[in-house]
Amino acid sequence: MLAGVKELYGQEVPVNMIQLQKTKKEFEGSLTLVVFPLLRMSKKKPEDTAADLGEYLVAHCPAVDRYNVVKGFLNLCIADSAWIGMLNAINADAHFGEKKADNNSPLVMIEYSSPNTNKPLHLGHVRNNLLGWSLAQIMSANGYKVVKTNIVNDRGIHICKSMLAWLKWGNGETPESSGKKGDHLIGDYYVAFDKHYRMEVKELMAQYVAEGMGEEEAEKKAKEEAPLIKEAHDMLVKWENNDPEVRALWSKMNDWVYAGFDKTYKALGVAFDKIYYESDTYLKGKAKVEEGLAKGLFERHDDNSVWADLTNEGLDKKLLLRSDGTSVYMTQDIGTAEMRFKDFPIDKMIYVVGNEQNYHFQVLSILLDRLGFKWGKELVHFSYGMVELPNGKMKSREGTVVDADDLVATMIADARKLSEDKVNKLENISDEEKDDIARIVGMGALKYFILKVDARKNMLFNPEESIDFNGNTGPFIQYTHARIRSILRKAEGIAIPETLADDMPVNEKESALIQKMNDYGAAVEQAGKDYSPSGIANYCYELTKEFNQFYHDYSILKEEDEGKKLVRLVIAANVAKILKNGMALLGIEVPERM
């Protein structure tokens with residue numbers, strides 16, 4: 001195209017002036033060139049400029065078979081041989097459209113999950129983990145070296161609340177004695193603490209009000225003076241001072257939680273290359289802040305607290321160390337960054353954290369940059385919206401969250417129930433394979449429903465809508481993949497060449513499918529630039545719809561023309577391949593049978 005403009009009009013043009021788009025359905029063609037930007041060079045009418053370029057391309061570009069002009073738009077019809085060449089290129093690459101990292105590839109670290117060890121994972125964590133895992137796959141498919149990392153919040157007053165409750169009311173209960181997962185067991189004691197604490201606050205409030213104190217003041221004092229919260233704070237101080245009994249209990253209960261988390265992570269299909277713990281990083285953070293203080297980067301106030309003055313950046317002053325020397329979350333994040341920077345040659349750092357922490361990461365970026373981290377200024381906060389339920393928001397302390405393990409079990413059970421008729425029609429299928437199909441479909445429904453939504457938006461989770469074999473759902477895409485695999489099994493006796501001959505016939509629906517498959521690489525690249533798993537989900541859905549329409553209109557195995565049959569089999573095989581690869585970027589498996 002660039003050569004045509006130069007030869008016809010004697011001028012070179014930048015690539016961005018060549019505006020190619022897909023031809024609208026009401027016109028003949030595959031690609032359309034918008035000629036208006038070229039008129040100042042041609043000095044001709046739009047129709048004449050389009051005709052000049054059309055004639056040139058037909059004469060000089062074998063891929064262009066013919067053209068038509070509609071006002072200022074040049075519609076190009078691509079030759080069958082070009083479509084076959086494109087299909088052969090797709091067919092030759094098992095991971096067409098994806099890039100591989102090499103030794104010179106930049107390294108991106110992605111932090112996700114970030115659980116607290118005082119409660120099990122819930123629906124909000126599910127969205128976080130699925131987004132983090134998918135983003136890691138997408139960045140890898142864009143040629144980055146990827147390190148998946150987790151920071152576990154294993155210290156602080158919330159941990160002590162669970163520990164104290166277990167000491168008071170646990171009677172030595174363990175995961176083994178109760179039959180509960182360790183994270184669930186500890187989560188129950190976190191809820192128990194809050195229940196008893198509320199009762200204490202209520203009683204103290206009544207006492208203070210009876211003594212003539214105002215309700216607001218009485219509530220504030222009751223929350224501070226309640227014996228339980230004082231005991232929890234005392235336990236935290238003992239932990240900070242390495243009290244052997246408190247530390248031993250803390251270690252034991254955390255181990256229970258980690259064993260529980262591991263089971264949930266396995267069920268979700270996510271994992272990590274490196275796990276960091278706040279109990280290790282907070283001391284590193286304090287040291288780093290003290291180092292920054294010595295360099296004049298921060299300031300110490302009269303009460304001994306340490307602050308960062310960010311007013312020149314249009315922000316406020318940020319507390320980094322309390323007056324008693326204890327750290328805050330920001331300090332811990334600085335310590336974690338210090339440890340990671342020493343462990344890995346990080347080029348880009350991505351934090352997958354909810355949008356309620358937007359300001360936190362704005363501040364963290366400035367602080368890390370001040371402290372000399374080369375990726376600090378350009379850190380990415382992958383900010384996502386909250387997951388809401390039809391009956392409102394979740395509250396951990398009140399035990400009203402949607403538990404991740406319960407959600408996974410429910411999704412799999414629902415998938416088994418809804419797909420029972422389909423699965424039972426399959427020949428020679430074992431109970432084990434039925435269970436595996438139910439797992440794949442149930443988890444696929446859950447993951448796709450969450451990942452198809454723009455991550456920046458809040459979402460309403462409705463399990464019933466997610467498990468549907470029609471519409472924009474995971475099972476719809478999975479079922480299409482299984483259907484194609486069934487067609488290919490039935491075609492096993494047909495000799496399909498690795499490379500199709502250039503003169504193979506291609507109809508309009510087939511060329512549209514080949515073009516859609518060829519767009520996969522662009523979809524992967526754009527998803528990497530935008531940090532957008534939803535972009536991959538939407539691409540897989542569009543490809544699935546296009547194939548199903550094609551399959552509705554044309555036979556594959558019953559096609560009598562052998563050339564047409566071979567083209568359709570190769571198209572079908574590659575649609576299945578790209579759907580499998582694309583869904584894998586979302587962490588979703590696709591079954592061979594369904």
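This note goes through the aromatic contacts, the cavity and the salt bridges of the structure above.

1. The model is predicted, so that local features are reported only at pLDDT of at least 70 and side-chain atom pairs only at pLDDT 80 or more, whereas totals for chains, interfaces and linings use all residues. Residues are numbered from 1 along each chain as its sequence is written, and side-chain values use heavy atoms, with hydrogens and water left out.

2. The structure holds 19 aromatic pairs, a pair being two rings of Phe, Tyr or Trp (its six-membered ring) with centres within 6.5 Å, where planes under 30 degrees apart count as stacked, over 60 as edge-to-face and the rest as tilted. One of them joins Phe341 and Phe373, whose ring centres are 5.5 Å apart with the planes at 85°, so this pair is edge-to-face. It links distant parts of the chain, since Phe341 belongs to helix 13 (residues 329-343) and Phe373 to the loop between helix 14 (358-370) and strand 12 (380-384), 32 residues apart; helices (H or I, at least four residues) and strands (E, at least two) are DSSP runs, numbered from the N terminus. Phe341 counts as partly exposed at 33% relative accessibility, while Phe373 counts as buried at 3%; buried means under 20% relative accessible area, exposed over 50% and partly exposed in between (1.4 Å probe, protein chains only).

3. Phe449 and Phe461 also form an edge-to-face pair, at 5.6 Å centre to centre and 85° between the planes. Phe449 lies in helix 17 (residues 431-451) and Phe461 in the loop between strand 14 (459-460) and helix 18 (463-466), so the pair ties together parts that are 12 residues apart in sequence. Both Phe449 and Phe461 are buried.

4. Tyr112, Phe261, Tyr265 and Phe272 form one aromatic cluster. Charges over rings also deserve a look, the criterion being NZ of Lys or CZ of Arg within 6 Å of the ring centre and within 35 degrees of the ring normal. The charged end of Arg247 sits over the ring of Trp250, 5.3 Å from its centre, and that of Lys274 sits over the ring of Tyr276, 5.5 Å from its centre.

5. The structure holds 1 cavity of 30 Å³ or more, a cavity being a set of points on a 1 Å grid over the protein atoms alone where a 1.4 Å probe fits but cannot get out, with lining residues having an atom within 4 Å of a point. The largest cavity has a volume of about 40 Å³. Its lining includes Thr117, Asn118, Ile159, Trp250 and Met253, and the elements that give two or more residues to this lining are helix 6 (157-169) and helix 11 (244-268).

6. The structure holds 35 salt bridges, each a side-chain nitrogen of Lys or Arg within 4 Å of a carboxyl oxygen of Asp or Glu. Asp183 and Lys181 meet in a salt bridge at 3.1 Å, N to O, and both residues are buried. Arg370 forms a salt bridge with Glu313, the closest N and O atoms being 3.5 Å apart; Arg370 is partly exposed, with a relative accessible area of 25%, as is Glu313, with 39%.

7. Lys545 and Glu542 form a salt bridge with the closest N and O atoms 3.7 Å apart, and both lie in helix 22 (residues 533-553), 3 residues apart, about one turn of the helix. Lys288, Glu291, Lys295, Glu338 and Lys342 are linked in a network of salt bridges.

Methods:
1 Å grid on protein atoms, 1.4 Å probe; cavity = no way out; pocket = protein on both sides within 12 Å on 5 of 7 lines; lining within 4 Å. Points joined across faces, edges and corners; volume = space filled by probe spheres on them.
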